[in-house]
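Please keep the sequence and the coordinates at hand while reading.

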Amino acid sequence: MVYYENLAEMYVGDDVSPDFYGWVFPKCDHVAVGTGTVTHKGDIKKFQLATRNRARDKILGGKIIRVEAHPIPEHPRPRRLLGRVALVGDAAGYVTKCSGEGIYFAAKSGRMCAEAIVEGSGNGKRMKVFYRSNPAREAFVEMCADEYVQKMTFDSYLYKRVMPGNPLEDLKLAVNTIGSLVRANALRREMDKLSV
């Protein structure tokens with residue numbers, strides 16, 4: 001991981017892909033090692049192994065956490081915005097067809113979306129329920145400490161889809177969240193009295 005802290009690598013050649021390239025991209029605490037192909041999909045495991053072999057000296061001692069594959073979305077989605085939901089990056093189909101490059105477009109579209117949110121919130125004056133005050137943010141942190149919330153969040157991230165919840169746990173979460181917000185509002189009122 002140290003070698004890739006500020007570095008991404010791309011490999012080209014028939015061993016890693018006859019029509020694409022292999023890569024090593026840094027993530028938060030690990031690296032993503034991958035490749036792609038359109039013309040030889042049945043050989044993808046062979047190409048993945050070749051890419052790992054090319055990076056072997058730099059990833060020595062590492063372990064494979066997860067193997068996954070998905071097609072690169074080569075066409076922008078016809079609808080990228082609906083109400084308060086916006087798609088950015090790969091989800092929006094912002095990928096260069098000829099190279100499969102999408103990191104720049106992910107960052108650019110993410111920034112544009114964030115700027116629109118800031119503008120739409122009146123520079124933070126109109127915020128979502130958990131971002132209105134420090135006590136409300138504490139309520140959010142309290143909610144995120146819940147093991148069920150962590151499991152649902154992690155599973156949804158891991159499997160790239162919203163995972164079905166347990167209705168009883170969902171109800172419990174709703175009650176706990178309302179309780180956290182009530183405590184947050186009471187705390188905010190007390191804090192307001194102190195600051196007067």
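Leaving aside its neighbours within four places in sequence, which residues is E9 in contact with?

## E9 and strand β1

The structure is a predicted model. In it, E9 is in contact with Y3, Y4, G22, W23, V24 and K58, once neighbours within four places in sequence are left aside. E9 belongs to strand β1, which covers residues 9-13. Its relative accessibility is 13%, so E9 counts as buried, the cut-off for that class being under 20%.

A106 is 97 residues away from E9 in sequence, and the two C-alpha atoms are 18 Å apart in space.

## Overall architecture

The chain contains six helices and five strands. Their order along the sequence is β-β-β-α-β-β-α-α-α-α-α. The radius of gyration is 22 Å, well over the 16 Å that the globule rule gives for 196 residues, and the chain is therefore more spread out than a compact globule. Along the principal axes, the C-alpha atoms fill a box of roughly 70 × 35 × 35 Å.

Two further values describe how the chain is packed. Buried residues make up 23% of the 196 residues. Among contacts with a separation of 6 or more, 35% are between residues 24 or more positions apart.

Which residues form the largest nonpolar core? It has six members, namely Y4, Y11, V16, V24, A50 and A55. Two of these, Y4 and V24, are also among the contacts of E9. V16, another core residue, touches Y11, G22, T35, F47, A50, T51 and R54, with residues up to four places away in sequence not counted.

A50 is located in helix α1. At 14% relative accessibility, A50 counts as buried. Beyond its neighbours within four places in sequence, A50 is in contact with D15 and V16. By contrast, M191 lies 141 residues from A50 along the chain, and their C-alpha atoms are separated by 60 Å.

Q48 is found in helix α1 too, which spans residues 44-54. Is Q48 buried or exposed? Its relative accessible area is 14%, so Q48 is buried. Not counting residues up to four places away in sequence, Q48 touches T35, V67 and E68. T35 is likewise one of the residues that V16 touches.

## R111 and helix α3

R111 lies in helix α3, which runs over residues 103-120. With a relative accessible area of 56%, R111 is exposed, since that class requires over 50%. The C-alpha atom of R111 is separated by 9.2 Å from that of V88, a residue 23 positions apart from R111 along the chain.

Technical notes
Residues numbered from 1 in each chain as written. Predicted model: local features only at pLDDT ≥ 70, side-chain atom pairs only at ≥ 80, totals over all residues. Heavy atoms only, no water. Helix = DSSP H or I, 4+ residues; strand = E, 2+ residues; numbered from the N terminus. Rg over C-alpha atoms; globule rule 2.2 N^0.38 Å. Buried < 20%, exposed > 50% of the residue type's maximum accessible area, 1.4 Å probe, protein only. Contact = heavy atoms within 4.5 Å. Core = buried A, V, L, I, M, F, W, Y, C linked by side-chain atoms within 4.5 Å.
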